[in-house]
Amino acid sequence: MRVTCVVNGETREADDVWPGESLLFVLRERLGLPGAKNACEQGECGSCTVYLDGQPVCACLVAAGQAQGRTVTTVEGLAPGSGEEQLDRVQRAFLATGAVQCGFCTPGLIVAVHDLLARDPAPSDPDIREALAGNLCRCTGYEKIMEAVRLAATS
Amino acid sequence: MTVSTVAPATVEGGVGTSARRPDGILKVAGEFAYSSDLWADEMLWGATVRSPHPSAEIRAIDITAAVALPGVYAVLTAADVPGARHYGLEVVDQPVLAIDEVRYEGEPVAIVAADHPETARRAAARITVEYAVRAPVTDPEDALSRGDLVRHVPVRRFASAGGTALTADVVVTGTYEVGMQDQAFLGPESGLAVPAEDGGIDLFVATQWLHVDQKQVAACLGLPAEKVRLSLAGVGGAFGAREDLSMQVHASLLALHTGKPVKMVYGREESFFGHVHRHPARLSYEHGATRDGKLLYVKARIVLDGGAYTSSTPAVVANAATLGVGPYDVPTVVVEAYGVYTNNPPCGAMRGFGAVQACFAYESQMDKLAAEVGLDPVELRRRNAMTTGSVMPTGQLVHGPAPVADLLALVRDRPLPPAATGDPRERPGGVANTTRGEGVVRGVGYAIGIKNVCFSEGFDDFATARVRLSVVGGEPAVLVHTAAAEVGQGLVTVQAQIARTELGVTKVTVATADTSVGSAGSSSASRQTYMTGGAVRAACQAVKATVLARVGRAGELALVDGKVVASDGAVVASLVDLLGNDVVEETVEWRHKPTRPLDPVTGQGDAHVQYAFAAHRAVVDVDTELGLVRVVEIATAQDVGKAVNPQAVVGQIQGGTAQGLGLAVMEEVQVVDGVIRNPSFTDYLIPTILDMPPMAVDVLEMGDPDAPYGLRGVGEPPTISSTPAVVAAIRAATGRPLTRVPVRPEHIAL
Ligand code: FES
Ligand code: FES
């Protein structure tokens with residue numbers, strides 16, 4: 001089947017999509033956008049988090065066909081340009097605080113934090129933990145991710 | 001940070017600064033190419049058929065239906081392996097694809113390449129394997145009595161010659177168990193194999209040691225090493241799980257067979273079968289002490305389940321044995337450590353490597369002893385703490401700083417966290433806790449551990465670095481090239497920092513790690529900053545010597561800010577003028593001081609390079625009625641010798657501490673009759689941001705005179721003692737004995 005959707009502001013088409021493919025697979029393997037990650041492909045880790053019509057979703061749980069005609073924003077679409085100054089404040093905060101180690105959790109977390117701060121510009125620590133409970137990170141122990149969110153909220 | 005005994009001048013972005021990761025922007029932008037992100041024209045997808053049985057004979061394999069499926073390009077079994085049909089890190093015993101039998105659940109039997117991952121999976125499902133199922137050996141004690149021994153390491157050291165009787169006024173005994181932990185890196189096993197025109201293969205993979213992969217892959221493909229070229233693709237965490245091969249040979253076989261690039265990406269379930277785990281262990285200890293708590297002897301028996309193949313079990317057993325009494329002065333030690341073969345999943349390297357299991361047991365014993373002699377647990381440990389000049393149970397003298405007592409004091413003296421506020425989210429179990437917190441009790445626990453850094457027992461451990469200095473765009477620029485695996489720890493950052501400090505040049509690029517430069521050894525054993533860092537420093541110094549020789553008076557000159565500067569600060573020349581169009585390049589192979597094998601009977605010998613220490617204090621709230629635990633805070637103190645990148649050091653300590661917390665209260669690969677019951681992130685739980693508390697960190701910098709910049713390996717120590725500290729805190733809250741990790745609600749509330 002053919003899937004057409006708006007991804008990071010551009011209309012994109014994917015042909016010969018097998019109906020069992022996920023939005024994550026289409027983004028990563030058909031549209032050349034591997035930013036959303038594939039740590040579990042079972043809805044448990046949040047590494048594949050993208051916006052679908054403005055709502056954060058696990059792209060691994062969305063069937064490709066469900067994205068037909070809708071708007072998708074991935075981590076690649078958050079920064080208006082390349083280079084450090086052009087990065088979103090959440091991306092800059094992750095860099096500044098050392099919240100990135102292997103970085104495999106990072107794209108999903110950045111989308112999740114971007115969404116959190118859009119809803120709640122000044123979240124308390126328990127609010128941050130609650131909002132990010134679906135995003136696993138194996139490297140950092142989350143302390144520097146907490147720092148990154150606090151920094152992004154104030155920048 | 002406290003005193004540093006080795007203080008290199010601070011250079012912007014150099015050693016001792018929290019320089020930014022060179023791969024950071026790509027990682028936050030979603031543009032960093034991990035091993036599962038690779039793509040090539042005409043690429044095929046690989047899939048693996050795995051054994052559903054922990055032990056069986058293979059009677060027949062029928063691939064006809066799979067081959068007949070449209071879109072399938074190759075179906076291969078053991079008979080299609082052109083070279084060696086087995087591989088292994090030290091002992092070559094693991095089949096590339098099963099030959100006549102399978103010895104663990106998940107063992108690869110056949111592989112498929114197809115034009116779509118789903119086609120490959122369907123083809124794999126159409127392969128029929130006829131098994132004659134055998135009863136698996138799953139109990140390590142049974143395996144031991146059958147003689148299925150991987151390695152026995154005894155360590156015997158006696159206070160006085162001939163004084164072999166183990167007697168003391170106070171004796172405490174205990175038997176402890178550690179469950180099987182998974183590394184659970186987030187980036188699944190994956191990579192891309194591209195057939196090359198010379199009949200060789202270009203392999204892009206996530207691994208911990210490119211050259212050890214190259215050696216094994218080349219042997220299995222029947223190719224010379226130079227035709228098997230590996231490049232490091234982006235690595236989504238490692239923690240030991242990428243030391244052994246996973247898809248490397250399989251993807252290469254399929255690529256050579258089909259003449260097309262082949263990508264393999266494990267799903268999460270397959271990943272639980274695709275790598276080794278932390279050895280489950282059973283440990284029996286007897287501690288003898290005086291009434292005032294001075295240790296007289298420790299006797300221990302440790303049995304580690306190595307699973308179906310050897311992997312790194314021999315070295316894990318040696319660590320458990322040699323580090324088995326902890327960072328304490330113990331006059332008499334009798335340790336017997338065994339690793340055995342079973343039909344359980346193969347076990348090998350995971351962060352902490354044998355030291356984790358032992359630490360849970362000896363620290364539990366130290367608490368028991370403290371209670372027995374009526375001492376505070378920290379005070380008992382301080383009375384027995386080893387120090388510089390102490391002698392290990394192996395007879396090895398501890399040369400460098402060993403600030404065991406200081407680390408314990410640091411965590412003890414930190415202010416305790418405030419009482420819970422009453423926010424239901426702060427209760428054990430969070431909002432899922434249906435009580436009002438009536439049964440919640442707070443507890444505090446302590447632990448300290450010891451870890452060896454670098455490879456031990458006489459292993460020829462080295463790292464290679466190539467450093468090139470030239471003028472690029474009118475500026476001096478340095479290119480650092482090694483084969484060392486950046487797995488998330490920040491090694492690329494550290495390499496650039498060292499080059500800046502040594503060569504006084506700001507513009508430093510770290511090339512992608514590959515096998516076109518010599519081996520760097522593994523990103524394991526907390527060794528890479530020490531080893532590859534040491535090699536990069538040595539190569540920079542060689543470059544510097546060549547450059548300064550051009551000016552003469554080499555001894556009196558330094559490189560600062562792109563200039564050659566005399567000892568009085570006068571600028572002698574700029575690097576741009578001095579170099580012109582020349583390129584100065586040096587490659588250095590660097591070694592740490594040699595170690596020695598252990599005596600096979602007494603376990604005596606200077607087997608280790610360096611010792612590292614971390615201490616933890618855990619504060620927990622336990623709902624004693626529901627059996628739920630919330631870790632409120634963990635404080636860590638660790639001596640890192642020299643914090644080459646302070647921010648990254650703290651990140652390592654926090655991340656390592658989190659993995660130890662996971663082992664304490666939630667993480668276990670549940671294996672029943674050789675079958676894994678929970679191969680998913682739904683059922684194998686790793687700590688989420690709700691499970692992790694604030695983590696306070698004290699970093700000591702007591703330079704080790706033998707190590708580059710005085711540094712001490714950082715990655716593993718924090719994983720080792722956080723587990724027993726958390727369990728000690730739960731014991732303090734509940735009074736339960738808690739002899740097994742992970743602690744489960746029924747251990748507390750029933
Ligand atoms: S990959 Fe989608 S939740 Fe893990
Ligand atoms: S940085 Fe590696 S998983 Fe989060």
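## Close-up views of a two-chain predicted model

**View 1. The largest nonpolar core.** Among the 304 residues of the largest nonpolar core, those touching the most other members are A:Ala59, B:Val112, B:Ile302, B:Leu407, B:Ala499, B:Val620 and B:Val726. A nonpolar core here is a set of buried Ala, Val, Leu, Ile, Met, Phe, Trp, Tyr and Cys residues joined through C-beta atoms within 7 Å. A residue is buried if 20 or more other C-beta atoms lie within 10 Å of its own, exposed if 12 or fewer, and partly exposed in between, with C-beta atoms placed from the backbone. This is a predicted model, in which local features need pLDDT of at least 70 and side-chain atom pairs count only at pLDDT 80 or more, while totals for chains, interfaces and linings use all residues. Residues are numbered from 1 along each chain as its sequence is written, and chains are lettered from A and ligands numbered from 1 in the order in which they are written. Leaving aside neighbours within four places in sequence, A:Ala59 is in contact (C-beta atoms, placed from the backbone, within 7 Å) with residues including A:Ser22, A:Leu23, A:Cys48 and A:Val50.

**View 2. A buried leucine in a loop of chain A.** Look for A:Leu87 in the loop between strand 5 (71-73) and helix 2 (89-97) of chain A. Helices (H or I, at least four residues) and strands (E, at least two) are DSSP runs, numbered from the N terminus. Why does A:Leu87 count as buried? Because A:Leu87 has 21 C-beta neighbours inside 10 Å. Beyond its neighbours within four places in sequence, A:Leu87 contacts A:Ala79 and A:Arg92, as well as B:Val28 and B:Ala29.

**View 3. Two packed helices of chain A.** Helix 2 of chain A packs with helix 5 (residues 143-153) of chain A at an angle of about 135°, their axes 8 Å apart. That makes helix 2 of chain A oblique to helix 5 of chain A. Axes are lines fitted to C-alpha atoms, for helices over the stretch in contact, and angles run from 0 to 180 degrees between N-to-C directions; under 35 degrees counts as roughly parallel, over 145 as roughly antiparallel, 65 to 115 as roughly perpendicular and the rest as oblique.

**View 4. Helix 11 of chain B and its surroundings.** Within helix 11 (residues 404-413) of chain B, the buried residues are B:Val404, B:Asp406, B:Leu407, B:Leu408, B:Leu410 and B:Val411. They pack against several elements of chain B, including helix 10 (377-384), strand 18 (440-453) and strand 26 (610-623).

**View 5. A six-stranded sheet in chain B.** This open sheet has the strand order 9-17-16-15-10-31 and mixed pairing; two strands pair if DSSP finds at least two bridges between them. Strand 9 (149-157) and strand 31 (740-741) of chain B stand at the edges with a single partner strand each, so one side of each has no neighbour in the sheet. Strand 10 (residues 170-178) and strand 31 of chain B run parallel, joined by two bridges, and B:Glu177 stands opposite B:Arg740. Helix 9 (residues 355-373) of chain B packs on the sheet, and its direction makes about 145° with that of strand 10 of chain B.

**View 6. A hairpin in chain B.** Strand 23 (residues 563-565) and strand 24 (residues 571-574) of chain B run antiparallel, joined by three bridges. Five residues lie between them in this hairpin, and B:Gly569 in the turn has a positive phi of about 95°. B:Val564 has B:Ala573 as its bridge partner, and B:Val565 has B:Val571.

Key:
Two residues are in contact if their C-beta atoms, placed from the backbone, lie within 7 Å.
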